[in-house]
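Hello,

Here is the structure I promised to pass on to you. Have a look at it first, and then read on for what turned up.

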Amino acid sequence: MDRLAATDALLIIDVQNDFCPGGALAIADGDAVVPIINRLAKRFDHVLLTQDWHPAGHISFASTHDGRAAYETMDAPYGPQALWPDHCLQGSAGAAFHPALDVTRAELILRKGFRVDIDSYSAFLENDHSTVTGLAGYLQERGLRRLFLCGLAYDFCVRFSAMDGKAAGFETIVIEDACRAVDLPGSVDETNAALASAGIVKIKSAELLAL
Ligand code: VGL
Ligand code: ZN
């Protein structure tokens, strides 16, 4: 792999309290990515963050739909949508970044999932697969061409961000040990298969630090 360059960016996905132990949608060991990501971020000229940022009554909340439970799937107008506990409510402590995540050098905080009736796993395209977040244009205008992804969750927001970034023409690499998965039945296997078939390379943080 080529050495890190000024056209590379670290894209840190959703390292927020609600996805860490004790949070509303806690991911096992979610906070373990924080020290790894802090170390990685020092090596990049450009650090970008995403923040899951939902309004009350969001379509992805099971509580929005009568008779539905978290972790079920519903038919949204745009296709299947997994339902979750209420999480990452705009302005809440749960939506804040993990307090130990070093965000001082972050050049962009991209919020997503702010439309009440469309969820957005991906940092590029909302879950209707047509509404754009503007990230592709931002990266293009800034000449950022290679993206290293890390954060939460491997099998949802990291997965779809990587797939859409690659499809948008960016060189896309996932830093494996700097991610953790929600791990619903089959979700990690599906993610591994999807990333592999898209030609998305995975590396370990130690390999990256050695570049
Ligand atoms: C995510 C589920 C719901 C994620 C966000 O960041 O992977 N997962 N909202
Ligand atoms: Zn969400």
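A residue is taken to be near a molecule if one of its heavy atoms lies within 4 Å of it. Please keep in mind that this is a predicted model.

Let's start with ligand 1. By that cut-off, its surroundings are made up of Asp-14, Phe-19, Leu-25, Asp-52, Trp-84, His-87, Leu-152, Ala-153, Phe-156 and Cys-157. Sorted by class, this shell holds seven nonpolar residues, one polar residue and two charged ones.

Which polar atoms does ligand 1 meet? One of its nitrogen atoms is 3.1 Å from an N or O atom in the side chain of Asp-52. On the backbone side, an oxygen atom of ligand 1 is 3.3 Å from an N or O atom of Leu-152, and an oxygen atom of the ligand lies 3.0 Å from a polar backbone atom of Ala-153. Taken alone, ligand 1 would expose 250 Å², and the protein buries 100% of that. The space that ligand 1 takes up is the largest cavity.

Now for the zinc ion (ligand 2). Asp-52 (OD), His-54 (NE2) and His-87 (NE2) coordinate the zinc ion at 2.0 to 2.2 Å. Along the sequence, these donor residues follow the spacing D-x1-H-x32-H.

Enjoy exploring it!

Notes: Residues numbered from 1 in each chain as written. Chains lettered and ligands numbered in written order. Predicted model: local features only at pLDDT ≥ 70, side-chain atom pairs only at ≥ 80, totals over all residues. Heavy atoms only, no water. Polar contact = N/O pair within 3.5 Å; in protein donor to acceptor, adjacent residues only side chain to side chain. Areas by Shrake-Rupley, 256 points an atom, 1.4 Å probe, with all protein chains shown as cover. 1 Å grid on protein atoms, 1.4 Å probe; cavity = no way out; pocket = protein on both sides within 12 Å on 5 of 7 lines; lining within 4 Å. Sits in = over half its atoms within 2 Å of the grid points. Nonpolar A, V, L, I, M, F, W, Y, C, P; charged D, E, K, R; others polar. Donors = N, O, S within 2.8 Å, 3.2 Å for Na, K, Ca; no water.
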